[in-house]
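Q: Could you take one part of this model and walk me through it closely, with the cut-offs behind each term?

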Amino acid sequence: MTPETWIAIGRITDIPRRGARCVVTPLGRLAVFRTADDQVFATEDRCPHKGGPLSQGIVHDGSVTCPLHNQVIDLSSGQVRGPDTGRVATYPVRVDPASETIELCLDAAPALAEAAE
Amino acid sequence: MPQKLVVIGNGMAPGRALEHLFEKAPGAYEVTIFNAEPRVNYNRLMLSPVLSGEKTFDEIITHDDAWYASHGVTLHKGKRVESIDRAAKTVTAADGTLAPYDKLIVATGSTPFIVPVPGHDLPGVLAYRDLDDVEKMWEAAARGGRAVVIGGGLLGLEAAAGLKAKGMDVTVLHIMPTLMERQLDPAAGFLLERSIAARGIEVICKADTKAILGEGKVEAVELKDGTVIPCTIVVMAVGIRPSTALAKAAGLEVNRGILVGDDIRSSDPDIFALGECAEHRGMVYGLVAPLYEMAETVACHLAEDASAAYKGSVTATKLKVTGIDLYSAGDFAEGEGREEIVLRDASNGVYKRLVLKDNRILGAVLYGETADGPWFFDLLKKQADISAMRDTLIFGQSYQGGAPLDPMAAVAALPDDAEICGCNGVCKGKITGAIAAKGLTTLDDVRAHTKASSSCGTCTGLVEQLMAVTLGSAYNPAAVKPMCGCTDLGHGDVRRLIVAKGLKSIPAVMQELEWKTSCGCAKCRPALNYYLLADWPGDYVDDKQSRFINERVHANIQKDGTYSVVPRMWGGMTSSAELRAIADVVDKFAIPAVKCTGGQRIDLLGVKKEDLPAVWGDLNAAGMVSGAAYAKGLRTVKTCVGTDWCRFGTQDSTGLGIRIEKFMWGSWTPAKVKMAVSGCPRNCAEATCKDVGVICVDSGYEIHFAGAAGLDIKGTEILCHARTEDEALEIIVALTQLYREQGHYLERMYKWLKRVGMESIKAAIVEDTAKRAHYFERFVHSQAFSQKDPWAERASGSVAAHEFRPMADLTLREAAE
Ligand code: SRM
Ligand SMILES: Cc1cc2nc3c(=O)[nH]c(=O)nc-3n(C[C@H](O)[C@H](O)[C@H](O)COP(=O)(O)OP(=O)(O)OC[C@H]3O[C@@H](n4cnc5c(N)ncnc54)[C@H](O)[C@@H]3O)c2cc1C
Ligand code: SF4
Ligand code: FES
């Protein structure tokens with residue numbers, strides 16, 4: 001088993017609380033979210049409904065509301081909240097407590113992206 | 001790959017079928033709908049309350065645009081399908097739009113029958129089928145005079161009551177000896193005629209129309225007996241014919257309606273015929289309940305559940321004329337071996353009749369007191385043996401089992417499978433089950449989850465009683481609609497408590513008012529942010545994370561994630577310098593589209609988010625600021641050329657428009673605010689469909705407000721007349737401030753007016769000049785904090801820079817490695 005690679009993408013304070021920013025990766029654009037209680041999540045920046053940029057939505061609790069047609073997506077599972085259906089790919093992220101750096105792991109990403117299709 | 005499903009006709013039946021389909025097999029079909037009517041799906045049953053003004057069209061919409069968007073449905077509004085090519089499996093609309101299908105639903109409904117008497121094609125002869133007909137009736141009603149309604153059935157009587165409510169004199173002509181003879185026996189028909197006449201509507205039975213008279217328009221109706229009734233419109237409501245021409249031309253088997261089997265398929269297995277256009281086991285239905293059952297069967301078959309079968313229905317009718325209670329179900333003709341039980345209570349205007357055979361109910365007619373209708377209908381459908389309660393049967397359910405029960409106990413005693421909502425076939429158990437399982441507490445919740453009471457609404461009382469029985473004291477029928485799922489308080493209470501308790505931040509509001517979620521949702525946060533901003537100018541710090549993206553980045557998000565940029569063009573005036581700067585920006589940033597908007601300015605579309613600050617910087621340099629085309633705030637002030645150029649201009653309309661826009665830009669409001677100033681009553685700036693409009697006249701300025709021309713079309717109301725430009729400006733500003741302080745978030749001015757009433761607005765703005773000055777001052781105070789160009793702040797890089805740049809670019813890192 002190869003060790004996981006964690007890539008630093010910036011500090012947690014680079015993202016406003018209840019906000020998001022995007023990260024450009026070789027896999028496409030990801031959205032990185034920070035909730036009111038400083039949890040961090042990463043998903044692909046594409047709504048399963050019609051491709052809306054989730055990084056531009058309103059973040060509330062552990063979810064984001066898509067800016068185009070208001071579907072609500074749970075950030076930890078990537079699942080669209082009922083009654084709508086669908087799912088976005090999520091990516092592992094962690095915050096280094098000392099430096100407050102956000103690190104992203106893309107190792108499992110291709111598998112995730114496929115699973116979402 | 002989803003299959004392609006095409007639907008012809010966007011009426012009540014296919015609407016219901018799609019709801020079931022999306023529930024059963026989400027994503028299985030890519031749906032395209034063609035509708036001859038230029039609008040979304042609405043509850044046709046409720047056209048009569050819309051006609052009479054008891055409801056607005058908005059309130060009867062079943063699926064709004066967002067619903068179609070969220071299910072990925074393409075809806076072609078106003079496109080009539082002209083042909084079906086079954087070999088190529090395509091349909092083609094009148095304008096040439098073509099759509100291929102794997103499965104097709106023909107749901108073309110019915111066409112009103114127009115009696116071909118001489119004069120039937122004169123302007124002013126109307127049918128009663130859709131919103132267009134209602135609008136034509138309103139137009140006629142606005143002119144006044146007499147309406148003649150031909151046909152004394154359900155539709156004709158509802159039309160007559162609606163036209164009467166709109167102020168017309170109304171005569172109903174009915175060819176049979178009594179009204180609604182297909183649903184009522186003569187005795188009930190007579191009682192009905194009496195109460196219709198008591199509302200000032202003239203009823204003439206046995207009236208045989210000979211001709212409609214008039215030169216170029218309807219002027220009178222002539223009967224065969226020589227009577228001539230002068231009138232300005234004629235509404236024909238004599239019956240409907242299934243719309244089958246399209247299906248016939250496509251070679252489908254058609255009798256009275258399009259022939260379908262128990263699977264609702266037509267003679268072509270890939271084509272379903274659904275709704276009033278279909279004929280099943282010799283029956284063509286004209287009421288929704290059976291159509292909804294058919295709809296469910298269609299959805300099952302589309303979702304590959306081949307076991308579903310529709311077996312036909314018995315129907316019940318209620319007349320929806322406020323104040324008249326009438327219910328009829330089944331068959332009540334006299335016949336061999338039939339018995340009847342009749343109850344008359346003349347002093348209370350009550351008449352009830354049951355027709356029985358072999359101790360089972362065949363038909364029921366109830367007049368004046370209809371609460372037991374569903375109970376009788378239930379016994380009828382189940383063909384229950386009533387011999388045990390025969391003596392007391394006619395007194396209704398509450399008399400069964402000894403002492404009379406109170407209505408609540410009667411509802412509580414209903415069996416779980418008793419039908420409560422006839423239109424949607426919802427039984428008691430389903431409602432009480434949903435209330436318990438999903439924790440429903442409001443009527444709207446119950447409607448959303450069970451569909452009960454969401455069609456004709458006549459079972460609303462029963463549903464409310466059920467809620468009271470199930471929820472006990474937890475049910476409060478007077479409860480206001482909560483802002484969203486995070487709170488039980490409505491917008492009005494929240495606004496009031498923010499001021500009363502001096503709450504000055506979103507967390508404070510959520511804490512004090514006991515929000516149920518940790519940090520709100522996308523519905524309540526933008527509303528709270530606006531209320532706090534409007535109520536505490538200068539104190540409250542705008543919470544950017546509680547704003548919708550457009551207001552957060554001051555540009556409109558587009559469907560591909562790019563943005564549009566609309567600079568202000570004060571009063572619609574521009575100059576060569578501004579146009580040159582716009583042209584340069586377009587070239588420099590390779591902006592793909594430039595468009596004149598409907599609001600007299602220019603839209604640059606398809607700007608990349610990263611480019612926004614630089615685009616704004618360049619526009620700022622040429623003196624332009626944000627047009628706020630995204631804002632719940634002041635949008636545009638349209639003007640016409642006025643006295644500057646126009647030979648009819650009475651005042652400087654362009655100048656006043658610019659003055660208003662420069663005074664008011666930057667302010668936030670509950671919903672968007674659009675204004676216009678026209679130089680004379682020819683009204684070239686379309687001021688009479690704006691939130692605020694001014695019509696200049698020789699003697700000064702007519703101030704109009706509360707118009708709209710979007711989802712609803714509504715002409716403005718006149719607020720008052722102002723003599724000078726200064727006075728006009730003060731009134732407009734004060735009016736806007738009153739709206740800023742009272743409006744509910746996303747409630748446009750016309751809806752605010754409807755809620756608070758003209759009197760209270762006039763009292764504050766027109767009649768009390770001290771109050772008016774006060775509101776004016778408050779607006780001016782709040783402008784000190786909000787009249788800052790958001791583009792300039794961001795172009796400088798000092799505000800919200802993180803919005804416009806990715807946090808990291810890992811593709812660069814990869815390339816470097
Ligand atoms: C650009 C423009 C269409 C055009 O190409 O002409 C436009 C474009 C949009 N309109 Fe509009 N409306 C435009 C004039 C109008 C007009 C005509 C007018 O203002 O004279 C109306 C009818 C008048 C009225 O508002 O009553 C109009 C009624 C609407 C509505 C329905 C509002 C309602 O309350 O009924 C919406 C939906 C909403 O606001 O929720 C809407 C929403 C929108 C949005 C913001 C949709 C959205 O949320 O993304 C569109 C943004 C496109 C963009 O990115 O620029 N637009 N829209 C017009 C911009 C005017 C401007 O200079 O600011
Ligand atoms: C005023 C009024 C009151 C009523 N009250 C009651 C009531 O109280 N209880 C009750 O049970 N029923 C009532 N009805 C009847 C009920 O509304 C109908 O039974 C029901 O709407 C029929 O549904 P549908 O889907 O078959 O057709 P519709 O709802 O009529 O829809 C058909 C649609 O297809 C469109 N269309 C037709 N041809 C084409 C084409 N070639 N291409 C594209 N589109 C096409 C039409 O424009 C129309 O929008 C009432 C009807 C009216 C008019
Ligand atoms: S610009 Fe307005 S009318 Fe056109 S599609 Fe968008 S919202 Fe609809
Ligand atoms: S694209 Fe996200 S809700 Fe439609």
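A: The shell around ligand 2

Among the elements of secondary structure, α1(B) gives the most to the shell around ligand 2, with three residues. The model is predicted, so local features need a pLDDT of at least 70 and side-chain atom pairs count only at pLDDT 80 or more, whereas totals for chains, interfaces and linings use all residues. Residues are numbered from 1 along each chain as its sequence is written, chains are lettered from A and ligands numbered from 1 in the order in which they are written, and side-chain values use heavy atoms, with hydrogens and water left out.

At least two residues of this shell come from each of α1 (12-24), β2 (29-35), α5 (154-165) and α8 (288-302) of chain B; these helices (H or I, at least four residues) and strands (E, at least two) are DSSP runs numbered from the N terminus. In total, 31 residues surround ligand 2, a residue being near a molecule if one of its heavy atoms lies within 4 Å of it. The closest of them are Glu37(B), Arg129(B), Glu276(B), Val288(B) and Lys320(B).

Several polar contacts (pairs of N or O atoms within 3.5 Å) can be followed atom by atom. From Asn35(B), a polar side-chain atom lies 3.1 Å from an oxygen atom of ligand 2. The backbone takes part as well: a polar backbone atom of Ala36(B) is 2.9 Å from a nitrogen atom of the ligand, and one of Val288(B), which is also listed among the closest residues, is 2.8 Å from an oxygen atom of ligand 2. Taken alone, ligand 2 exposes 1,000 Å², and the protein buries 94% of that, with accessible areas from the Shrake-Rupley method and a 1.4 Å probe.

Definitions and conventions
Polar contact = N/O pair within 3.5 Å; in protein donor to acceptor, adjacent residues only side chain to side chain.
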